[in-house]
Amino acid sequence: MHEQDSTPTSTDRGRRGFLMGAAGLAAASVVATPATLAQAASPATASRGPAGRRDPVTAAITQTGHRRLGSGPGSLKVSSIGLGTQTMPGNLYGPVTSRKDMVALVRTAFDQGVTFFDTAEAYGPFESERILGEALRPVRDDVVIASKFGWNIDPDTGANTGLNSRPDHIRQTVDGILKRLRTDHIDLLYQHRVDPTVPIEDVADTVKDLIVQGKVRHWGLSEPGLGTIRRAHAVLPLTAIQNEYSTLWRGPEEQVLPLCEELGIGFVCFSPLGTGFTTGTINPYTRFTEGDRRTASPRNSRDNMAANMPLVQLLQDWAVRKGATPAQIDLAWLQAQKPWIVPIPSATRLSHLLENIGAEEVRFSPAELQELNAAVASITIHGARLSPGGLALTGVEAPPRP
């Protein structure tokens, strides 16, 4: 059973005030740059103008809600919407403005109420952790940082030669993560993908030792098999499962979410906006930049995107109906499914960050949620979410312990 905080509380700002600010940001194509975010690097002057006054747009969009991952006294309290940082190194969806801007954006996220930050050794590799380490060091005790192990990444070249969750390698990886994050502990440590050669019991025992040593506080699994979840949880209770989940990909609803509810495990959603598709910002006519990894997903082919546009239209219709944006409808829909679900949308632009955390303002009545759920379920999604190689790494079961 889950023990959860209440859903996010209402604030004084109101949805209309947010939309006015978000519309202004979008119209101006505001990007997180040193000029717009330099003040965010200082906790004393974050989001303030030259005269020391708090910027009216960013001040109006501050997240206040919290949720709990896991159950019982060992649960983990996080902001109701977190920040994913996989795109910040600039080698996933195309280049970013600068590293300095990403550090400033992370600090702005904290100043606007985000306390849950997600990274991994594989993001960059290593660079995403370094960005978070620099940005959050002054406020380390006020945030929750999640990172991930599980790959065999050369520390000098960054070459990734495959999965590796052997106990000795986990310990070595955690030490590297701690250095890059400039901290003495990882709040939530995930196995990034299940290693089909290492029993999950060996992984759990290793993480348990790291918890005893104070290097790790909670643990989780990303895209694991159902049997592996049960076996891992029996050795060391899991705080969270992290899988892809959005209106575009609802696979976890079949078995993973019911299992999380049964065992009292929180659920963290990566790609909660369908890698941008459900926001309406990409479509069949989009031409991705060179190196954009979304081109590897069959779901993002021109024909499949065209076939999936009814979902975007549905979200746009609800955005008009609720006085929100399509991205906010998708995020609010996720949160409305269960009180222990936490989305972690990525952002490299200030406008996107503020839009995402503004989803906290969107509420659905029981009748509205029933109507929206039925409408989402009626739409057939075309195209696999990942390449064949990526799909082969999901839902994997760890081998039995000898």
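Modeller: The second largest pocket holds about 450 Å³ of space. Among its 25 lining residues, Trp-249, Arg-250, Gly-251, Pro-252 and Arg-385 are the closest to the centre. This is a predicted model, where local features need pLDDT of at least 70, side-chain atom pairs count only at pLDDT 80 or more, and totals for chains, interfaces and linings use all residues. Residues are numbered from 1 along each chain as its sequence is written, and side-chain values use heavy atoms, with hydrogens and water left out.

Biologist: What counts as a pocket, or a cavity?

Modeller: On a 1 Å grid over the protein atoms alone, a cavity is a set of points where a 1.4 Å probe fits but cannot get out; a pocket is an open set with protein on both sides within 12 Å along at least five of seven lines. Lining residues have an atom within 4 Å of a point. Volume is the space filled by probe spheres set on the points, which are joined across faces, edges and corners.

Biologist: How does the lining of the second largest pocket divide by class?

Modeller: Into 11 nonpolar, seven polar and seven charged residues. Ala, Val, Leu, Ile, Met, Phe, Trp, Tyr, Cys and Pro count as nonpolar, Asp, Glu, Lys and Arg as charged, and the others, Gly among them, as polar.

Biologist: How many cavities of 30 Å³ or more are there?

Modeller: One in the whole structure. The largest cavity has a volume of about 40 Å³, and its lining has seven nonpolar, two polar and no charged residues.

Biologist: Which helix gives the largest share of that lining?

Modeller: Helix H12 (residues 350-357), with three residues. Helices (H or I, at least four residues) and strands (E, at least two) are DSSP runs, numbered from the N terminus.

Biologist: On to the sheet. What is the strand order?

Modeller: S3-S4-S5-S8-S9-S10-S11-S12, an open sheet of eight strands with parallel pairing. Strands S3 (83-84) and S12 (341-343) are at the edges with a single partner strand each, so one side of each has no neighbour in the sheet. Two strands pair if DSSP finds at least two bridges between them.

Biologist: How many bridges for S4 and S5?

Modeller: Three, between S4 (residues 116-118) and S5 (residues 144-149). Asp-118 has Ala-146 in S5 as its bridge partner.

Biologist: Where is the antiparallel pair?

Modeller: Strand S1 (residues 66-69) runs antiparallel to S2 (residues 76-79), joined by four bridges. They form a hairpin with six residues between them, and Gly-70 in the turn has a positive phi of about 85 degrees.
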